[in-house]
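Open the model in your viewer and keep the selection tool ready. We will go stop by stop.

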Amino acid sequence: MHLTRPLTKTLQRLGYALMLPVSLLPLAALLIRLGDLQLPALSLTGQALFSQMPLIYAIAIAFGLSERGHGGQALTGAVGYLLLSSAMDSLLPHLHADMMCGLLAGLTVALCWPWAMTVRLPRALHPLQGEPLAMLLSALACLLLVLPLAGLWPAFEQGVVLLAQRLLDTPLGAFCYGVLNRLLIPFGLHQVLGSLVGIGTGDLDALAQALPPHSEFVAGLYPIIMFGLPGATLAIWLHRLRQRKEAQGGMLLTLALTSALLGITEPIEFLFAFTAPRLFLAHALLTGLSLALCKMIGIEVGSYFSAGLLDLLLCAPSGVNVFWLIPIGILFFVIYALTFWLLLDGEKLSRLTPLGHATAACAPSGDPQMLAIQYLKALGGLDNLQAISVCLTRLSLRVESMGRVDQSRLPQLGCLSWMIINDHQLVLVLGPNAGPVESQIRMLAERQSVPLGNHPVHPAQE
């Protein structure tokens with residue numbers, strides 16, 4: 001258990017770092033689609049983003065895994081990728097190693113930089129100590145990966161291709177991928193899974209042609225995200241009415257629309273992921289069933305971001321049998337509504353979601369700075385907050401004392417759900433407010449010269 005915990009925390013940090021390059025994909029695809037409307041300049045811009053995704057991955061990973069968001073570390077990640085990919089192109093020009101080069105360059109820089117910063121040089125070389133030495137050693141470490149990567153990559157690529165095209169490209173494989181994809185969401189590892197599957201399978205070539213990745217087996221995510229989870233919110237609403245609780249229909253409708261239109265599912269999934277395991281397990285199994293069903297029918301449509309309506313509009317032109325997603329989606333809407341209605345019959349509503357504690361008189365402030373100040377008060381103040389990171393709709397936090405956190409205040413501020421991981425870590429699901437609140441909290445911390453870390457993993461757990 002103690003051996004796997006550091007690995008899990010590292011993979012979580014990697015998943016957060018991958019969110020930036022993944023979030024750029026729909027923007028690039030949108031530019032491509034607008035370029036099809038006699039606007040070639042936009043099309044070229046989108047193509048440029050797609051073609052440089054490995055470089056963006058290297059920068060995002062090196063920066064995202066840095067202890068203090070160090071810009072020099074991000075720059076070194078870019079340099080490391082350029083060195084590694086150029087050498088690999090010279091040795092193995094016909095293999096798809098660019099994405100792996102970007103991933104390895106970012107990871108190598110993230111590992112080498114902290115060690116290189118501690119190296120002490122002789123007095124004559126003292127001007128090179130610190131960041132210049134860290135940049136040099138990290139870049140050289142990336143370059144040293146060329147020979148082992150050149151020897152191992154052909155076999156590794158064949159294994160990944162076998163996994164993606166032979167195993168996942170079957171109904172059973174699609175089912176397993178769908179279940180695992182949903183089960184990893186609470187841990188922030190689903191982006192790592194998708195990225196690893198895409199490495200070496202030629203998805204980079206597909207992206208260069210503005211084609212969505214993983215079109216062979218991810219079509220089943222659309223019925224779940226666009227229809228299934230909104231059906232789950234309907235069941236929650238009906239359950240609240242049945243229990244004679246405040247229905248909170250407006251908030252649940254907002255969550256349903258966020259999932260269906262944008263594909264952002266975490267605000268809904270975090271309502272029951274940690275407090276009602278049987279609901280989340282049913283959700284994961286139904287996701288796998290949807291992927292398997294779409295694979296059996298022969299539906300092929302990939303996903304740039306998160307399989308919402310926006311993604312479907314961007315991906316449908318290159319898809320196969322896309323029209324089947326609508327009737328299948330309606331079917332899963334009914335299945336989710338009935339399944340959650342029956343499973344919720346035995347759940348305590350206050351245990352399922354904190355929505356029942358919120359009142360209309362305590363609506364959250366529309367000013368991000370005021371909202372951040374209110375969250376800081378609920379968290380025990382800046383002197384109680386040690387680290388914070390944001391991942392789309394949720395904040396991961398490390399606090400000095402969990403006893404100073406006023407949990408009764410969180411739902412009044414618009415917090416959709418939260419989870420206490422241990423005595424020092426908690427996760428808040430804020431929906432679209434997560435990014436602005438995190439930025440404002442950091443700004444307030446900088447004004448008061450309060451050091452605030454980027455990684456909420458407690459030192460005792462690392």
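Helices here are DSSP runs (H or I, at least four residues), numbered from the N terminus, as are strands (E, at least two). This is a predicted model: local features need pLDDT of at least 70, side-chain atom pairs count only at pLDDT 80 or more, and totals for chains, interfaces and linings use all residues. Residues are numbered from 1 along each chain as its sequence is written, and side-chain values use heavy atoms, leaving out hydrogens and water.

**Stop one: Leu262.** Select Leu262; it sits in helix 12. (Buried means under 20% relative accessible area, exposed over 50%, partly exposed in between, with a 1.4 Å probe and protein chains only.)

**Stop two: confidence.** Colour by pLDDT, the predictor's confidence in each residue, from 0 to 100. The chain mean is 78, and 79% of residues reach 70 or more. Select helix 16 (residues 325-343): confidence is highest there, at a mean of 94. Now try helix 17 (residues 349-352), the lowest at 44.

**Stop three: the core.** A nonpolar core is a set of buried Ala, Val, Leu, Ile, Met, Phe, Trp, Tyr and Cys residues joined through side-chain atoms within 4.5 Å. The largest one has 83 residues. Met88, Phe272 and Tyr336 are among those with the most contacts inside it. Helix 11 (residues 221-242) gives this core its largest share, 10 residues. A second, separate core has 26 residues, including Tyr375 and Leu385.
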